[in-house]
Amino acid sequence: MTDANIRIPAEARDRLAEVAAAEGLSLRAYLARLADSLLTPAERAERAERTRRMLQAWNGYDPSPEEEAQLDAELDRRLAEAAR
């Protein structure tokens with residue numbers, strides 16, 4: 001694997017390096033681990049669809065787009081409330 005240079009503000013680099021060091025990792029290893037732990041939008045959509053199909057097969061749960069929107073709004077509300 002080849003290395004890449006990424007230009008970010010020095011403050012961000014220093015903060016990431018501090019977080020990495022606190023976990024006993026180099027900045028390079030920390031960023032590689034971070035990249036491996038994140039999903040792309042396509043991966044998230046595929047996982048959500050797979051989960052929806054599994055729930056439907058398991059217990060018949062198959063919310064309509066309107067129900068999904070209501071559930072998303074409720075989750076957003078609860079997360080905002082918890083962040084206060």
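Accessible areas here come from the Shrake-Rupley method with a 1.4 Å probe, and for residues only the protein chains shown count as cover.

**Ground rules.** I'm working on a predicted model, where local features need pLDDT of at least 70, side-chain atom pairs count only at pLDDT 80 or more, and totals for chains, interfaces and linings use all residues. Residues are numbered from 1 along each chain as its sequence is written, and side-chain values use heavy atoms, with hydrogens and water left out.

**Whole chain.** I looked up the surface first: the protein exposes about 7,600 Å², and carbon and sulfur atoms supply 56% of that. Then I checked burial (buried is under 20% relative accessible area, exposed is over 50%, partly exposed is in between, with a 1.4 Å probe and protein chains only). Of the 84 residues, 4% count as buried.

Next I looked at the overall dimensions. The radius of gyration is 19 Å, while a compact globule of 84 residues would sit near 12 Å. That radius is taken over C-alpha atoms, and the globule rule is 2.2 Å times the number of residues to the power 0.38. Along the principal axes, the C-alpha trace spans about 50 × 35 × 25 Å.

**Fold.** I counted elements as DSSP runs, numbered from the N terminus (helices are H or I, at least four residues; strands are E, at least two). The protein has 4 helices and 0 strands, and the order from the N terminus is α-α-α-α.

**Loop between α2 and α3.** Helix α2 covers 27-37 and α3 covers 41-59, and Leu38 sits in the loop between them. Is Leu38 buried or exposed? Leu38 counts as exposed because its relative accessibility is 52%. Thr40 is in the loop between α2 and α3 too, but at 39% Thr40 counts as partly exposed. I also took a distance from here: Thr40 and Ser26 are 14 residues apart in sequence and 24 Å apart in space, C-alpha to C-alpha.

**Patches.** My patch rule takes residues with over 30% relative accessible area and no salt bridge, joining like charges within 9 Å and nonpolar side chains (Val, Leu, Ile, Met, Phe, Trp, Tyr) within 5 Å. Leu38 turned up again, making a nonpolar surface patch of about 240 Å² with Leu31 and Leu34.

Which residues form the negative surface patch? I found Glu66, Glu67, Glu68, Asp72 and Asp76 there.

**Charges.** I counted Lys and Arg as positive and Asp and Glu as negative, leaving out His and the chain ends. The tally is 13 positive and 17 negative side chains, with the centres of the two sets 4 Å apart. Each charge is placed at NZ of Lys, CZ of Arg, CG of Asp or CD of Glu.

**Salt bridges.** How many salt bridges does the structure hold? I get 10, each being a side-chain nitrogen of Lys or Arg within 4 Å of a carboxyl oxygen of Asp or Glu.

I went through a few of them:

- Arg50 and Glu46 pair up at 2.8 Å, N to O. Both lie in helix α3, 4 residues apart, about one turn of the helix. Arg50 is partly exposed at 34%, and Glu46 is partly exposed at 40%.
- Glu49 and Arg52 pair up at 2.7 Å, N to O. They are 3 residues apart in helix α3, so about one helical turn separates them. I have Glu49 as partly exposed at 31% and Arg52 as partly exposed at 23%.
- Glu81 bridges to Arg77, with the closest N and O atoms 3.1 Å apart. These two are 4 residues apart in helix α4, so again about one helical turn lies between them. Glu81 is partly exposed at 47%, and Arg77 is partly exposed at 42%.
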